[in-house]
Amino acid sequence: MLVAYTDENEPFILNSGISQTTLQQLRKTKKFYCPQCKQQLLFKIGSLKIPHFAHVSKNDCENLFSDRESETHLKGKEQLYRFFSDLGLNPQLEPYLTNIQQRPDILLEDSTQEPVAIEFQCSPISSESLVSRNNGYKFEKISPIWIPNTPDHIVKKGIQKITLSKNYQQFQLTSNHHPYLMTYNPTVRQFFYLSNIMFLHGNTFLSKVQALPLTDQKFPFYIPKPITKNEYKQFLLINQQVKHNYLQARVLLSRSGVNDVLLRSAYELRMNLNELPNYIGIPLKGSEALKVFSIDWQLALFYFSQTTQIEISRMKGQTIDYFLKWARFPETKNAHEVVFTYCRLLENLSVQHVYQTIQEEKLLKVLYNHFLAM
Ligand SMILES: [Zn+2]
């Protein structure tokens, strides 16, 4: 906690501008109390964490309202609070919202706009807690903005393959249908944007990583742009590499043989898995709905088309539902949409069967145009 009440019932806000000597002096001469439970608090001035307040013993109050005050959390909260102060937005630090019994890290209230709650999230949060806290904010007509701390493994910038745990995936935002994550790293005082997120398989995604120093941030927050055609080309190159490694592993590890839809499809189509055409295994937005790597379902689609004698151009509506059921993929609206999109892309490329060849340049052009149009 960075806010406590004094004996005079005045809020006291800790900030990094207060000197060590002043802090020591304050600790000797003053008492500080929790704004909520009114218990006297410990004033911690150590070398390990930035100065903060803490309850004497872990009580319900602390459990309910703080995000296990790690150094990262305290630091980030303080830096973000200063950022909003410097912008003249009159932020409130750790305000307690009685009606919903929640305490956002920062609250921005401006009479002309809907209030905004800023949550700098440094520990994993269950989807149930996240939904319940968002519902609380909704009830109070507050828009929450969740900023997870930057995952440790995100250090380099640029187009790359990233892994994102389920915890991080729930903070995904979208701008014009382009999914992105806005994370903050208080150690380097930079926002790390993971933009243009595209599913590969499991928790692996393609993304563009950008760093934005806190001093260059604005509010409303910066929104990342769609990647350029050249960057998209890099996406496809990485995808190619991932596809290759994935197939090697699949061929070696698969024991289920005929029950394996990928191997079965390849076999029935008389395709060598190492020589699949470039339009199979295309990364598409939202393809996490299928739960498997794009190669699996895209090759299965061609097998389905051949077995049922249903041309790709006629794959829409019920035919797609039938395909999802037949291949035992999730029969959801999102899965349906991704398959539909893929069929239309194939139509654009004039691909009717799996034995056609498409020039890389043409594929890139069609895919990138589709990517932008979404
Ligand atoms: Zn308390």
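These legends go with close-up views of a predicted model. Local features need pLDDT of at least 70, side-chain atom pairs count only at pLDDT 80 or more, and totals for chains, interfaces and linings use all residues. Residues are numbered from 1 along each chain as its sequence is written, and side-chain values use heavy atoms, leaving out hydrogens and water.

**View 1. An open sheet of four strands runs in the order 5-6-7-8, with mixed pairing.** Strand 5 (92–93) and strand 8 (143–148) each have a single partner strand, so one side of each lacks a neighbour in the sheet. Strands here are DSSP E runs of at least two residues, helices are H or I runs of at least four, and both are numbered from the N terminus. Two strands pair if DSSP finds at least two bridges between them.

**View 2. Strand 7 (residues 113–121) meets strand 8 in the parallel sense.** Six bridges join this pair. Look for Ile118, whose bridge partner in strand 8 is Ile145.

**View 3. The largest cavity has a volume of about 40 Å³.** The structure holds one cavity of 30 Å³ or more. A cavity is a set of points, on a 1 Å grid over the protein atoms alone, where a 1.4 Å probe fits but cannot get out; lining residues have an atom within 4 Å of a point. Volume is the space filled by probe spheres set on the points, which are joined across faces, edges and corners. The lining of the largest cavity includes Met198, Tyr232, Lys285 and His370. Helix 11 (residues 360–373) gives the most to this lining, with three residues.

Definitions and conventions
On a 1 Å grid over the protein atoms alone, a cavity is a set of points where a 1.4 Å probe fits but cannot get out, and a pocket is an open set with protein on both sides within 12 Å along at least five of seven lines; lining residues have an atom within 4 Å of a point.
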